[in-house]
Amino acid sequence: QNVILSACAALLLPSKHDLIAAEFDPYKVLGVTRSASQSEIKKVYKRLAKEWHPDKNKNPEAEDMFIKITKSYEILTNEEKKASYDRYGQTDNTHPYGRGHHGFRHNFYFDESFFHFPFNNKGGQDFANSKYTLHFSQYVNEVVPDSFKRPYLIKITSDWCFSCIHIEPVWKETVQELETLGIGIGVVDVGYERRLANHLGAHQTPSILGVVNGKVSFFHYAVVKGHLMQFIEDLLPQRLVEKVTDKNNQEFLKSWHKLNKPHVLLFDQVPSVPLLYKLTAFAYKDYVQFGYVDQGLSETADLLRKFNLNTYAPTMLVFKEDVEKPADIIQAKGMKKHIIDEFISNNKFLLAPRLVNQKLFDELCPVKQFHRRRKYCVLLITGEEESFATGNEAFLSLASDNTNDVLRFAYVYQRRQQPLCDVLLKNKDSTLPQVVILERRNGAGKILYKPVLGGWNGSKEDKHKLLEELERLEKDPSILNCDAVLPELNNELTSMFLTRWIYTAYDYLSEIIADLLHNNWREMMPLLSLIFSALFILFGTVVIQAFSDSSEEKQPKTKAKEASNAENGSIRPPKKNFVEVTELTDITYTSNLVKLRPGHINVVLVLTDSTKNILLSKFAKEVYSFTGSLTLHFSFLNVDKHSEWMAAVLEYAQDAVQIDTDEEEVYSCKVDYTGYVLALNGHKKYLCLFKPVYTGEDLDSKPEEEGGGSRSRKGMTRSRSTSLQIHHKLDRLGLWVERLMEGTLPRYYVPAWPGLDKITVNK
C-alpha cells in the first residue's frame, strides 16, 4: 500500500524537473540573444559544455546543467525546432531531459518503464534495442571481422541508468538514419555482458563507441545527432576518397595500371564528400579507387563538359582501362546504398586485371562448383618490358570485346609470378608471351588447362586462333587435356605494407592525442600504465648500469653467455696466448671429472713420461683455437701411473669402438695408449674417443676418430717409436675437436666412473 501511495503522490505532485521545464529557455541557458548566429551559438556551447561537463565539474547540479546546455544547443541549431520555439515558446521536446508533452506523458518521461525492474524486459531493454543486443562471441566472431568493411556504432547501457534514458531519443533518431547508410549498430547491457564491456574498455554508462578495422574509439562529445554523424565520419581512415579537378583527373584515371583497380568518380554539388560515398569507398577499398568531383567549383567545369553531365543529380562514373570513356554510369537524385553497392559490385575488376595475389585469383577465377556454371580463365603470361606492350594491348582489346560472362581474362608478369609460370609453361615453348586457358578444379590448386600453341604477339592470326579455341571449349570442355597443381601466388602488394603501417600509426597517434585532450583518463589507464612501465624499466636499467661495479656487470653476462655456449657449442676466439692443461690425478679427479658442471667436457690427453713433452706441445697447438670455449677443459693422464684406469674405462666402450685387442693383452699392459684423447662428460657419464694412427711419411692419412683400426696398424704402432712418429700421433686432432663441438661424434656411455685412487699402480 505504501508503494501505491508513493506512486500516486508522484503522479499528482509536480516534480522539480516539471518546474524546470516550465522555465526552460534555451536562449537563457546558453546566454545568447535570439539574433545570435550559428557560429556564435556553437562557440558559446563549446565553452559551456567544457565548463559544466560532469567529468570535470564536481558541482552536484553539473549533470543537469550539462543536459540543459546540450538540449538548448540541439534546439537552436535545428531550424525547425528553433522556429517552433520562437513562435510557440516550446518544441516537441523542450524539456531538458527530452520528455514529450503528448497528453498525460507531458509530466512523466518514464511512462510505462517508470517501475522498471530487470524482470520486465531482458536487460531492461525495449524492443527497439533488443535487436541490436551484442554478446561477446558475436562481437568477436562477427562484428570485428565485419568492421574491416563497415564501421560499427555501439552503445553501452545498463538497468537504472537514468542518463541512458536521457540520450535515448537522440540515439534512436541517429540509429534510424545510420542504418540506411549501412553502418552496424550494437547495444551492450553491462548487467548481462560485463565481459564484453570490459573487453571494450567501457567502465561507465552510458558510453558510446565506434569500431573500425577492429579498433575501438570512444565518443567524447555531447550526444547530439550531428556529433554522432561526425564521429562516424571521423572513424573512417583518411585518404579514402581523392578530390579530383581538371588538373589532376588524368593522373587519377591513368593510375589504373599501377594500382590494378578500376576508378570511380562521383559528381555532386556539395563541397564535402557525402558520408554514404565514404562508406562505400571504405567497403570496396581493396577493389576500387574512388574520387570526388565538386560540381560547384570552377576548376571542374572542363570535366563536366567532357562527359556532358546533368548537374542537377549526383552521377557516378566507373573507368577501367579506357580513361576517356566510362565503362559504366549511374545517375539518380536519391542514390540509395543498395543501388551503389550493386553498381560497384558489378565493376569490381578491370577487363583484364593483373593477378597480384592469391585473393584476387580466387575471386576472378573461382573454383568450379557443381551447382554453378563453369568459369574459365584466359591467362596471358607476359613481361613488363616495352617490347611486350603490343601483345598486351591486343590481349586487352580482345578482353574488351568479350561478352561471355563464363570467360575471365587476366595476365601475369612472369618475373613476379615465377613459380606459377614455371608450372604452366612446363615442357612447353617458353618464348613469351604465352596464352593459357585454365579451369580451377579445387581449392588445393588443381587445374585443367591448355596452352594456346604458337605463342602470342597480338596479330590477327593469334586472335583468330584464340577465339577458335574458346569456341571449341564452349562446345567441348574436354579439350583442357593438361592437369597441374598451381602454387600459391606471390603477394605483389607486400611492398605497400610500410605505407599502410605509417598511415595506421598516424591514425592511432591521432586517437591517443584526442583521448588525452578529453581527459578520458580511465580509458587511457592501460596505455598510460604500459608507457610508464616501459619508462621505469628503461630508467632503472640506465641507473643500474651507471652505478654498478664493472665486475658485477660482467658476471651475469658471463653466465648468460656460458649457458648459451653450453647449448649451441659455439667457438670463441682464444683469450690467452697459452693453453692451460692440468694433470688428472687422485686430487683433481673429482673436480675435473666426477663433479664436472653440466654441459662441460674435459678433453684428456693420454701420454707417458717419455712422450710427455712432445705430445703436450703438439696437443697445445691442435686445441689452442678452442680455448675460448667456456665449456671445454683440458687435462692429461699419465698412463704409466694409471694404465689400469684407462683399460677399465675403455672396457665399457670396448664393443662399440671395436678395439682389436684380446683381454690378456689389455691386462698385461702391452696396449700402447700413448696419443689417445678422451672427451669426458662427467655429468652425463659418456666419453668420445680419439684413437691415433701413425701417418709415417704420408701426412694426409686420417686418424681413426671413432676408435676403429686394423691389426697391421697396431703392429706399425708397436714397431716405430721415434719422436717424429710420436709427434704425428695427434695429426688432425683439431678436426676431431670440431666434430666434438658440433656433437657429431659417437658417444659411449659409462655406468659409473671408476675410482682413480683405487686402481693406481705405483711404479
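## A tour by selection

Begin by selecting Cys365 and Cys377, which a disulfide joins with an S to S distance of 2.4 Å. These two cysteines link distant parts of the chain, twelve residues apart. Cys365 sits in the loop between helix H17 (358-364) and strand E10 (376-382), while Cys377 is in strand E10. A disulfide here is a pair of cysteine sulfur atoms within 2.5 Å. In general, a disulfide is a covalent bond between the sulfur atoms of two cysteines. Helices (H or I, at least four residues) and strands (E, at least two) are DSSP runs, numbered from the N terminus.

This is a predicted model, in which local features need pLDDT of at least 70 and side-chain atom pairs count only at pLDDT 80 or more, while totals for chains, interfaces and linings use all residues. Residues are numbered from 1 along each chain as its sequence is written, and side-chain values use heavy atoms, with hydrogens and water left out.

Are Cys365 and Cys377 buried or exposed? Cys365 counts as buried because its relative accessibility is 3%, and Cys377 is buried with a relative accessible area of 1%. Buried means under 20% relative accessible area, exposed means over 50%, and partly exposed lies in between (1.4 Å probe, protein chains only).

Next, select Cys161 and Cys164. Their sulfur atoms are 2.0 Å apart and form a disulfide. The torsion about this S-S bond is about 80°, so the disulfide of Cys161 and Cys164 is right-handed. Cys161 counts as buried at 10% relative accessibility, and Cys164 counts as buried at 5%. The structure holds two disulfides. With bonded cysteines counted along the chain, the pattern is 1-2, 3-4.

Two further cysteines can be selected: Cys482 is buried at 18% relative accessibility, and Cys688 is buried at 2%.

Now go to the aromatic rings and select Tyr673 and Tyr676. The structure holds 16 aromatic pairs. The ring centres of Tyr673 and Tyr676 lie 5.5 Å apart and the planes stand at 85°, so this pair is edge-to-face. Rings of Phe, Tyr and Trp (its six-membered ring) pair if their centres lie within 6.5 Å; planes under 30 degrees apart count as stacked, over 60 as edge-to-face and the rest as tilted. Both Tyr673 and Tyr676 are buried. Then select Phe219, Tyr221 and Phe231, which ring pairs link into a cluster.

Select Lys618 in helix H25 (residues 612-623). This lysine is buried, with a relative accessible area of 11%. Which residues is Lys618 in contact with, leaving aside its neighbours within four places in sequence? They are His727, Leu730 and Asp731, where contact means heavy atoms within 4.5 Å.

Ile531 counts as partly exposed because its relative accessibility is 41%.

Finally, show the whole protein. There are 31 helices and 20 strands. Of the 763 residues, 43% are buried. Among contacts between residues at least 6 apart in sequence, 72% join residues at least 24 apart. The accessible surface comes to about 42,400 Å², and 54% of this belongs to carbon and sulfur atoms. Accessible areas come from the Shrake-Rupley method with a 1.4 Å probe; for residues, only the protein chains shown count as cover.
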